Amino acid sequence: MSNPIKSALRAGLFRAESAWDGLVGREANPMYHLGAMSWYFFWIVGASGLYLFVPYDTSAARAWNSIEYITREQWYWGGLIRSLHRYGSDAMVLTMMLHLVREWLLDRYHGARWFAWFTGVPLIWMVFSSGITGYWLVWDELAQYLAIGTAEWLDWLGIFAQSIARNFLTRGALTDRFFTLLIFIHIAVPLFLLFAMWIHILRINRADTNPPRQLVIGTSIMLVALSLIHPATSHPAADLGRSTAILDPDWFFMALYPLYDTKGPAMAWGVSIGVTLLLSVMPWMALRRKRSSAAEVLASHCNGCGNCASDCPFGAVTIRPRQDGSPHREIAVMQPDLCTSCGICVASCNKSNPFLKGDPHKTGIDLPDFAFDLVVKRVSARTHGLTGPGRVLVLGCDHGAVLDHLKGHSVGVLSLPCTGMVAPSVIDYALNKDLVDGVLVTGCRPGECFHRLGPEWTAMRLAGERVPKLRGAVDKERVRLFWAASTEVKALSRDLAEFRVQLAEMPKPERPEGTARRVAE
Amino acid sequence: MIKPQHIAGQIVAYTAFALMIGYFASRPAYHHHAPENALLKLSLTHAGQRVGECKDRTPEELAKMPPNMRTKQSCGRERNAVTLEMDLDGKLVFQQTARPAGLSADGRSRFYDSREVPAGQHVMRVRMRDGNNANIFDQKAELTVTLEPRQVFVVDFDEEDGKFSFQ
């Protein structure tokens with residue numbers, strides 16, 4: 001990453017997330033599930049909104065009273081639901097904005113990921129529109145302020161035949177029909193939002209839309225407690241004959257309104273449209289970045305097993321019937337536009353095996369810029385000449401902790417596009433051929449993987465929970481996982497040192513006599 | 001299994017989360033208008049008079065037209081831009097000329113202004129030019145009004161009565 005400010009911010013993010021991990025435990029850290037948390041808050045807001053819709057009175061004269069009835073007469077139940085509706089919405093704005101900033105800091109917005117980023121931008125408008133129209137429905141002084149401000153803001157465009165602000169000019173100007181229209185908008189926009197959220201994750205394989213149970217339970221308790229201790233209440237009823245003076249706005253939704261009040265509609269439109277346009281074109285502002293070639297399927301080696309399609313984080317591989325006379329019924333088909341060149345599919349292919357004969361090593365799906373054969377050759381090269389007890393090969397990724405400084409007489413390093421590209425058979429190979437005494441696998445921490453799912457798939461493969469599995473005969477004591485962000489170089493060094501001590505204390509493995517140490521090219 | 005220290009940490013973290021949401025959901029307070037002031041709104045939509053005079057059609061011209069279109073006068077669609085001015089206590093506080101809406105400039109001209117004024121007695125003079133004579137104002141009105149704090153006072157134009165309205 002070339003931008004030093006962004007690099008510093010990203011390092012700060014990693015440190016903050018590490019500290020948060022230490023405080024609450026990794027499973028309960030919402031930073032790794034911000035998108036999923038937004039989904040969860042959406043469901044809370046939707047469910048509580050359904051309840052509020054029933055007793056709400058869609059009339060100018062009785063809207064405020066019906067909300068007061070829900071809040072005070074149905075207390076605690078109605079008031080609790082109303083508070084959950086409000087605080088759930090606020091929490092959704094918070095997690096959504098954090099999600100946006102975090103994805104930008106982690107550079108997850110360009111290349112094949114443009115679609116998720118681009119389709120995420122309208123979601124911001126929809127969430128804010130839903131929230132603002134919801135506040136109108138209360139029809140208190142805050143609603144009056146928002147209604148008039150929004151109407152004046154929209155009128156400035158001059159595209160409406162009638163002035164919207166004139167609906168709020170005098171006490172008699174506002175009709176019940178306006179509230180009927182308003183509640184229709186307040187329901188329709190979230191429905192469109194749900195549809196747009198589905199589109200947002202359409203090109204993401206196994207999108208994280210359900211936060212871990214710990215987070216769900218903890219957040220739910222937090223929201224209920226907040227609702228009981230500090231319930232949402234209304235301002236005095238709106239009165240179009242009296243101006244609004246001192247207000248208690250919901251700043252999660254209304255931060256732009258003071259800008260409109262002080263700088264006028266042109267500035268408010270300029271900022272909102274400008275930010276929207278900037279966000280929308282950001283994926284293409286990163287054009288200077290070199291984009292690696294997409295993975296390619298080698299038809300002669302593909303047996304259509306589907307592992308690559310299952311593992312690809314972005315659904316870039318699909319399995320289709322094959323018609324080339326092969327005994328295999330299906331074949332993997334790449335969609336290059338969706339490929340991030342992570343190499344996870346290469347490791348998932350059961351033909352990515354250095355024990356299989358062939359030079360070069362061919363596999364069913366491969367990266368043109370970093371072929372599996374090159375991985376095998378580099379493993380041999382980087383382990384060639386390692387001496388001493390506790391010889392270790394460190395396999396890592398280009399986005400986690402930098403590995404170069406770990407190199408030494410007993411340590412060889414190999415950085416891959418993603419740790420998910422580490423085929424278990426490569427580890428087996430390095431140990432079986434006595435190239436090293438142990439293999440340390442590192443990379444981005446789960447949830448921070450630049451390519452998505454690399455650490456998760458790798459951990460499951462090495463634990464024998466996901467194909468291709470690390471062979472049962474491999475001594476698991478000689479394979480170690482240590483996820484390290486780019487800021488955790490020292491921690492990785494310490495772990496490597498511990499691992500080497502542990503390896504040095506282990507007895508030399510017995511090998512069949514015919515197993516010769518492979519000499520690097 | 002959650003570690004005990006993580007339970008304590010989660011309590012701290014969720015409390016911080018709740019405080020953040022609870023606080024910014026209604027604080028800090030925002031001062032929109034000064035409570036001691038009134039609000040004066042000038043809002044009207046008004047179609048200016050047609051540009052040029054209407055011309056009477058001759059019987060021959062009417063006979064050539066389809067029966068459903070035989071109106072006695074032929075008038076242009078375009079309307080005049082409307083100029084609106086307002087004085088408050090002898091001082092000009094609003095002056096704007098708005099062109100008619102629509103591609104053919106045959107719609108209404110729109111004005112909107114909202115301003116705080118000190119509560120108390122004020123003299124307002126409003127004038128509007130919507131005709132073909134650029135030297136005169138076709139509508140004028142003057143009013144002395146006493147405004148209460150936070151009162152919203154609206155200056156509009158009543159199209160039915162053809163004169164300014166104050167409410």
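Let's start at Val467(A), which sits in the loop between helix 16 (454–462) and strand 9 (479–483) of chain A. Helices here are DSSP runs of H or I with at least four residues, strands are runs of E with at least two, and both are numbered from the N terminus. Keep in mind that this is a predicted model, where local features need pLDDT of at least 70, side-chain atom pairs count only at pLDDT 80 or more, and totals for chains, interfaces and linings use all residues. Residues are numbered from 1 along each chain as its sequence is written, chains are lettered from A and ligands numbered from 1 in the order in which they are written, and side-chain values use heavy atoms, with hydrogens and water left out.

Is Val467(A) exposed, partly exposed or buried? Its relative accessibility is 43%, so Val467(A) counts as partly exposed. Buried means under 20% relative accessible area, exposed means over 50%, and partly exposed is in between (1.4 Å probe, protein chains only). Leaving aside residues up to four places away in sequence, Val467(A) touches Asn307(A), Asp311(A) and Arg461(A); contact means heavy atoms within 4.5 Å. Val467(A) also lies 9.6 Å from Ala347(A), C-alpha to C-alpha, though 120 residues separate the two in sequence.

For a contrast, look at Ser66(A) in helix 3 of chain A. With a relative accessible area of 7%, Ser66(A) is buried. It touches Pro55(A), Tyr56(A) and Asp57(A), again not counting residues up to four places away in sequence.

Now on to helix 5 (residues 114–138) of chain A. Its 25 residues should span 36 Å at 1.5 Å a residue, and the end C-alpha atoms are 38 Å apart, which agrees. The expected span is 1.5 Å times one less than the number of residues. Helix 5 of chain A is mostly covered, with 18 of its 25 residues buried.

Who are the neighbours? The axes of helix 4 and helix 5 of chain A come within 11 Å and cross at roughly 155 degrees. Axes are lines fitted to C-alpha atoms, for helices over the stretch in contact, and angles run from 0 to 180 degrees between N-to-C directions. Helix 4 and helix 5 of chain A are therefore roughly antiparallel. Angles under 35 degrees count as roughly parallel, over 145 as roughly antiparallel, 65 to 115 as roughly perpendicular and the rest as oblique. Among the residues that meet here are Met92(A) and Trp104(A) from helix 4 of chain A, and Trp117(A) and Phe128(A) from helix 5 of chain A.

Helix 6 (residues 141–155) of chain A packs on helix 5 of chain A at about 130 degrees, with the axes 8 Å apart. That makes the two helices oblique to each other. The helix 5 side of this contact in chain A is Trp125(A), Ile132(A), Tyr135(A) and Trp136(A), and the helix 6 side includes Leu146(A) and Trp153(A).

Finally, helix 7 (residues 176–200) of chain A has 25 residues that should span 36 Å at 1.5 Å a residue, and its end C-alpha atoms are 36 Å apart, which agrees. Its buried residues include Phe178(A), His186(A), Pro190(A) and His200(A). What covers the buried residues of helix 7 of chain A includes helix 2, helix 3, helix 4 and helix 5 of chain A.
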